[in-house]
Structures are given as C-alpha cells and as structure tokens.
Amino acid sequence: MFAKYDVIVVGAGHAGCEAAAAAASMGSKVLLATMNMGTIAQMSCNPAIGGVAKGQIVREIDALGGLTGIVTDKTMIQFRMLNLSKGPAMWSPRAQSDRMRFAEEWRLLLEKNKNVDFWQEMITSLLVKEKRVVGVITALGLEIKGSAVILTNGTFLNGLIHIGEKNFGGGRTGERSSKGITEQLEDLGFISGRMKTGTPPRVDGRSINYKKMEEQAGDSVPGCFSFLTRGLLKKQKSCHITYTNKKTHSLLKDGFKKSPMFNGRIRGVGPRYCPSIEDKISRFSERNRHQIFVEPEGWNTIEVYVNGFSTSLPEGVQLKALRSIDGFESVKMFRPGYAIEYDYFPPTQLKHTLETKPIKNLYFAGQINGTTGYEEAACQGLVSGINAHNKINQKKDFVLSRSEAYIGVLIDDLINKGTEEPYRMFTSRAEHRILLRQDNADLRLTKKGVLVGLANKKRLCLVEEKINKINKIDDFLKTTKVVPKKINKYLTRVGSAKISEKKSLESLLKRPNVRLLDLIKKTTTPLGINLSKDKLIIEQTEINHKYKSYIKKEQELVDKMSRLDESKIDPNFNYKKIPSLSAEGKEKLQKIKPISIGQASRISGVTPSDISVLIVYMKK
C-alpha cells in the first residue's frame with residue numbers, strides 16, 4: 001500500500017510542519033502522519049508568534065529557508081516590536097495571528113509540495129532493526145517503511161487533561177492522546193519523564209466590555225518576520241489589557257481544594273515562566289493584581305484568548321473569577337481552561353543534530369524534548385528535517401553553534417544540560433546576544449541555508465544586495481564630513497556637545513542620541529539608497545557602528561571559544577580512565593559523551609578544572 005519513504009514525520013504541529021517542509025524541499029520523499037488532518041499547524045495555545053527571543057528564532061528559521069515567518073506574515077492581524085526602550089540585542093518582533101488562517105496557510109503550503117504525502121492515523125510504534133529505525137506501525141497495524149523517522153508528538157504522548165476534579169485522556173481538548181510509543185521507547189532503553197502545561201479559557205468577544213480595558217494597538221508602521229515579505233499588513237486589530245483583583249483572587253482560592261495542582265492529581269512539572277493563575281496568586285500572594293491580555297483569535301471570529309489566565313480549576317470557578325475582572329462582568333465562556341500532562345524524553349539522549357543516541361536515524365523535535373512554545377518547536381523541526389535528509393543522503397551534519405543562532409543556544413542547552421521543566425527561550429540564555437540580533441539573522445544564516453539546499457538563491461541575492469548597501473553607507477560615513485554650522489543646532493537639540501571643526505559622520509554617530517537617518521539628512525552628499533525603502537538597512541548599520549566595540553569584543557570571545565569546539569573528542573572515549581576528573585564530571589561526561597572540549601565545558605556539573613584536565617590529557 002505504501003512505497004518506502006525517505007523521511008516519516010509523526011505529528012503535524014509546528015515542529016512537524018517545519019520538519020516535513022524542510023526535508024521535502026531538500027528533495028526527500030516525506031510522509032506527514034497526523035491523527036487529525038483538520039488540526040495541522042493548529043495554534044493550541046495563544047494565537048501569536050514571536051516575542052522576547054522567540055521572535056529572533058522565527059527570523060532565524062526564515063533566514064534558513066523555513067516557513068513559519070512567511071506563514072505568520074500572511075496571516076497576522078497585529079505586529080509589535082517589543083523592548084524598543086532597551087538595547088537592540090533585546091528587540092524582539094511579535095505578531096498576533098489569525099488562528100484559523102495560520103493553520104490553513106501552513107496546510108496549503110505543505111499540499112503544494114509534491115514531495116509531501118499525508119496519512120491520518122495514530123502511529124503506535126516504530127519499526128526498529130539493529131538499533132536503527134526503519135519505519136512506523138499505525139493503529140490499524142499498517143507498516144510504513146522509512147529511512148528516517150522524526151517524532152514531533154507534542155502533548156499527545158499519554159496525554160491526560162485536567163479540569164478541576166475531572167481528568168480524561170487527550171492530547172488536546174477534543175482530541176485523543178497517543179499510546180504505545182513511550183512504552184516502546186522505554187523498552188529500547190530511553191528514559192522518559194512527565195511534564196505539564198496549561199491553557200486559559202476562550203470567551204465570546206461580544207460579551208466583553210472593552211471600554212473598561214486599556215487598548216494595546218500594533219506598531220504605527222507594522223514590520224514583518226520574513227526577509228522576503230514587506231508591507232503585507234495594511235490594517236491591524238487591537239489587543240486589550242485588564243487586571244485581576246482581590247475579589248478574583250479570593251474566588252480562585254476558594255476553588256483550590258478542587259484544583260488538581262493542589263490536591264496532588266498533577267505530578268508533571270509545569271512551565272516556570274508561564275505559570276497558571278493558581279500558581280501566580282499562590283506564589284506571589286503579596287500582589288493584588290495580575291495582568292491579563294485580551295487577544296482576538298482572528299479577523300472574522302468572535303473568539304477571544306484570555307492570556308494570563310491559564311488554569312485547571314473547575315469550570316464554574318473559572319467563570320465566576322473571570323466575571324470579577326473589569327470588562328468581563330458579563331462574559332460568556334466558549335470552553336474552559338485546562339491543564340495537560342504528557343510524556344517527554346530528557347534531551348540529553350540526543351545529538352546536536354537531534355538524532356537520538358540509542359537509535360540511529362530517529363529524531364525528536366518539539367515538546368517531546370521538554371521544550372514549550374511554537375517557535376522552539378518549529379526551529380527543532382527545521383533542524384531535524386534538514387539532518388534527517390542529510391543523514392540518509394550521506395551529507396554533513398547541520399549544526400548551529402551558540403554564537404551563530406538562538407537555535408544553536410536552544411539545542412546546545414537541551415542536549416548538554418537537559419531540562420526538568422518546560423524549556424523556553426530568553427535573550428538572557430544567549431551569552432552572545434549582541435551578535436544574535438533579530439535584524440541580522442539573514443546575514444548570519446542565509447548562506448548556510450543556501451549551502452544546505454533549503455534557502456533559495458533569491459534570498460542570497462537579497463542578502464548580497466543588503467551587504468552592498470551597508471558597505472555603501474559605511475563608506476559614506478567614513479568619507480563624509482559635516483561643518484559646525486550645519487550640525488550644531490541638531491546636536492544641541494539631542495543633548496550632545498557642539499563641534500568646533502569639521503567632523504566625520506562616523507565619529508558623530510558614536511554619540512548617544514545621535515541618529516544615522518538625521519545625520520544623512522544634514523548633508524548634501526548623495527548617499528545612493530532609498531531612505532524610506534531601506535530604513536531597516538540604515539537602522540542595522542547604525543547598530544553596527546554604535547555597538548562596534550562591543551561586537552568586536554564579543555567576536556573575539558567567540559573565536560577563543562570556537563578553538564575549544566575544534567578540539568574533538570572520540571564519542572566512545574572512556575572518561576573513567578582519567579583519575580583526576582571529579583566524580584560528577586566523570587558521570588556527566590560519560591552520560592552526555594561530548595564530541596568536543598567546547599561541548600564538554602558547557603555540560604552542567606563539569607567544572608573548569610575538569611576541562612583543564614581534559615585539555616592536558618588530550619594533548620598527550
């Protein structure tokens with residue numbers, strides 16, 4: 001019934017979609033298996049893409065040739081650049097999405113790819129021979145052969161949904177959980193764990209009094225995620241902000257005795273940085289209110305997402321508490337919030353390629369690795385799809401370092417440190433974040449995407465054009481000088497000292513509050529680029545100049561650390577034979593089996609003295 005596939009992707013969430021699209025676009029024949037064709041790329045939680053550090057990840061996915069950024073740009077209803085009051089390393093794009101159109105656009109793009117086939121059915125086990133995966137088995141007992149398999153099961157592995165004192169099997173509301181794979185993987189030697197996440201109630205927008213809330217509009221000039229798209233968003237839809245209060249907290253506390261979080265029913269560990277409303281009022285009892293973001297789910301729906309009110313309390317308690325919040329006094333609930341427990345596999349069992357160590361040609365991506373978030377899942381899907389294709393075609397592993405991408409930081413964190421709670425990305429996790437800005441993802445990664453066979457030549461042409469324009473502006477800044485008469489009035493206005501003789505624009509740009517665009521307008525020398533069309537390029541050039549010394553220092557540190565990554569270690573090396581290593585160091589090194597001194601230095605529990613011992617031993 002089935003021909004043999006190159007790559008089989010199990011699960012069609014954000015990880016599965018990027019994995020299938022990547023492998024298929026590179027030339028592999030792909031089967032995307034899902035339990036429900038109607039929920040491909042569904043936004044199970046909030047209808048938004050991006051945010052702090054997550055926006056950088058989406059830009060990186062796009063630069064490499066992935067599709068999340070393109071889909072987001074086509075379907076967003078609002079765009080905001082976050083953290084503009086902070087340094088450029090912290091600027092993060094975020095889009096509010098039309099939830100139904102987002103899923104539809106993803107499915108249409110996958111259907112246009114002739115290398116992607118679809119199969120709607122639960123995958124219950126893997127076909128494994130001699131520690132190599134060779135296919136999958138469906139619930140109907142059908143055997144589908146494949147050279148590589150990527151598991152992107154999300155919250156479906158033995159998923160258990162909790163609402164108050166009720167609990168029932170499910171991978172998502174209205175959908176059944178997936179059985180069989182966890183048990184088989186454990187038999188094959190994998191270690192599994194249990195995690196928890198949650199979602200808030202959805203409500204009827206017609207029953208909300210928005211006049212009692214703060215409006216949160218999008219940027220006056222909306223941006224985008226993909227480096228291929230510009231100016232798609234002509235109108236925007238506002239979000240709103242309201243707050244819980246003492247009455248809300250009192251009503252929620254009354255329901256704690258029926259909360260699965262407090263009566264021991266939930267055993268999985270929840271996300272630290274996206275706590276439930278029960279968690280918030282319990283852990284932060286000194287606070288009288290908590291912020292609630294009221295997010296529309298699309299252009300043509302009345303459904304609204306209550307961000308900040310994730311809960312597993314009984315549905316009656318949820319509704320009473322909601323109606324105590326300003327603007328929600330008469331709110332109608334479409335469906336209650338719930339918590340879900342699911343199986344995951346500690347990611348220390350993976351290589352940098354996301355291939356599993358125990359079973360060859362088997363890859364894990366997304367929540368199965370203990371991560372949370374659409375963006376984290378999507379980038380893992382992309383990396384696993386690229387590497388699955390490369391592996392079966394005897395091509396080089398595709399690995400991004402911590403200094404090259406947030407994607408590299410995420411994967412390196414996962415495989416070296418593991419995670420005991422749902423992992424999400426933050427700018428603070430990236431030690432080289434001044435190099436990993438959202439504005440330069442194309443310069444960092446597009447060439448890599450082209451070389452691997454995923455990004456197209458059009459992207460490379462755009463990058464080369466951008467580099468040429470940046471070089472042109474650089475030359476302009478170095479060679480163009482301005483006289484005091486033309487610039488002193490401006491300098492005084494921005495709080496900068498006047499000049500008494502001619503100065504180059506390059507030297508003036510280093511001053512705080514002095515903007516490149518303003519300097520360009522103060523000269524009569526032709527620049528040769530379109531100021532409105534190339535505004536983002538001008539902005540990026542300004543960042544490069546203002547932070548030049550910091551960028552240089554960071555690059556020197558990267559070069560120093562990269563030398564440690566070039567010092568390779570045999571994956572089968574026996575660390576027990578080095579007596580001077582610490583006991584914990586031996587244990588962790590033996591478990592992770594790093595492939596370089598650099599990787600070894602990033603393993604939790606391996607001390608600097610352990611690394612010194614390793615360096616000396618390897619030199620011998």
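Student: Which residue takes a positive phi in the hairpin of β10 and β11?

Tutor: Glycine 164 does, with a phi near 60°. The hairpin has two residues between its strands. Please bear in mind that this is a predicted model.

Student: How many bridges hold β10 and β11 together, and in which sense do the strands pair?

Tutor: Strand β10 covers residues 160-163 and strand β11 covers residues 166-169; four bridges link them in the antiparallel sense.

Student: How many bridges join β12 to β19?

Tutor: Seven bridges join β12 to β19, again in the antiparallel sense. One of the residue pairs is lysine 196 with its bridge partner in β19, glutamate 341.

Student: Let us turn to the sheet of six strands. What is its order?

Tutor: That open sheet is ordered β14-β15-β16-β17-β13-β18, and its pairing is antiparallel. Its edge strands are β14 (214-216) and β18 (333-335), each of which pairs on one side only. From one strand to the next, the twist averages 35°.

Student: Which residue of β16 is opposite tyrosine 243?

Tutor: Glutamine 291 of β16 stands opposite tyrosine 243. Strand β15, residues 239-243, runs antiparallel to β16, and four bridges join them.

Student: Which strands does helix α8 lie across?

Tutor: Helix α8, residues 315-322, lies across β13 (202-204), β17 and β18. The helix runs at about 145° to β18.

Student: How do α6 and α8 cross?

Tutor: The axes of helix α6 (residues 246-254) and α8 come within 9 Å and cross at roughly 170°. That angle is why α6 counts as roughly antiparallel to α8. On the α6 side, Thr248, Leu251 and Leu252 meet Val317, Lys320 and Ala321 of α8. The contact of α6 with α8 has four nonpolar residues, one polar and one charged.

Student: What about α2 and α10, at what angle do they pack?

Tutor: Helix α2 (residues 54-64) packs on helix α10 (residues 406-417) at an angle of about 110°, and their axes are 8 Å apart. At that angle, α2 is therefore roughly perpendicular to α10. The contact is formed by Gln56, Ile57, Glu60, Ile61 and Leu64 of α2 together with Tyr406, Ile407 and Leu410 of α10. Six of the residues in the contact of α2 with α10 are nonpolar, one is polar and one is charged.

Student: And α11 with α12, at what angle do those axes cross?

Tutor: The axes of helix α11 (residues 441-452) and helix α12 (residues 457-479) cross at roughly 145° and come within 9 Å. The crossing of α11 past α12 is left-handed. From α11, the contact involves Asp442, Leu443, Thr446, Lys447 and Val450; from α12, Lys457, Arg459, Leu460, Val463, Lys466, Ile467 and Ile470. In the contact of α11 with α12 there are six nonpolar, one polar and five charged residues.

Student: One last topic: how many salt bridges does the count come to?

Tutor: The count comes to 34 salt bridges. One of them joins the side chains of glutamate 297 and arginine 99, at 2.4 Å from N to O.

Student: Where in the chain do glutamate 297 and arginine 99 lie?

Tutor: Glutamate 297 lies in the loop between β16 (291-296) and β17 (303-307), and arginine 99 in helix α4 (residues 99-112). The pair is 198 residues apart and links distant parts of the chain.

How values were computed
Residues are numbered from 1 along each chain as its sequence is written. This is a predicted model: local features need pLDDT of at least 70, side-chain atom pairs count only at pLDDT 80 or more; totals for chains, interfaces and linings use all residues. Side-chain values use heavy atoms; hydrogens and water are left out. Axes are lines fitted to C-alpha atoms, for helices over the stretch in contact, and angles run from 0 to 180 degrees between N-to-C directions. A crossing is left-handed if the near helix is turned anticlockwise from the far one by less than a right angle, and right-handed if clockwise. Contact means heavy atoms within 4.5 Å. Ala, Val, Leu, Ile, Met, Phe, Trp, Tyr, Cys and Pro count as nonpolar, Asp, Glu, Lys and Arg as charged, and the others, Gly among them, as polar. Angles under 35 degrees count as roughly parallel, over 145 as roughly antiparallel, 65 to 115 as roughly perpendicular and the rest as oblique. Two strands pair if DSSP finds at least two bridges between them. A salt bridge is a side-chain nitrogen of Lys or Arg within 4 Å of a carboxyl oxygen of Asp or Glu.
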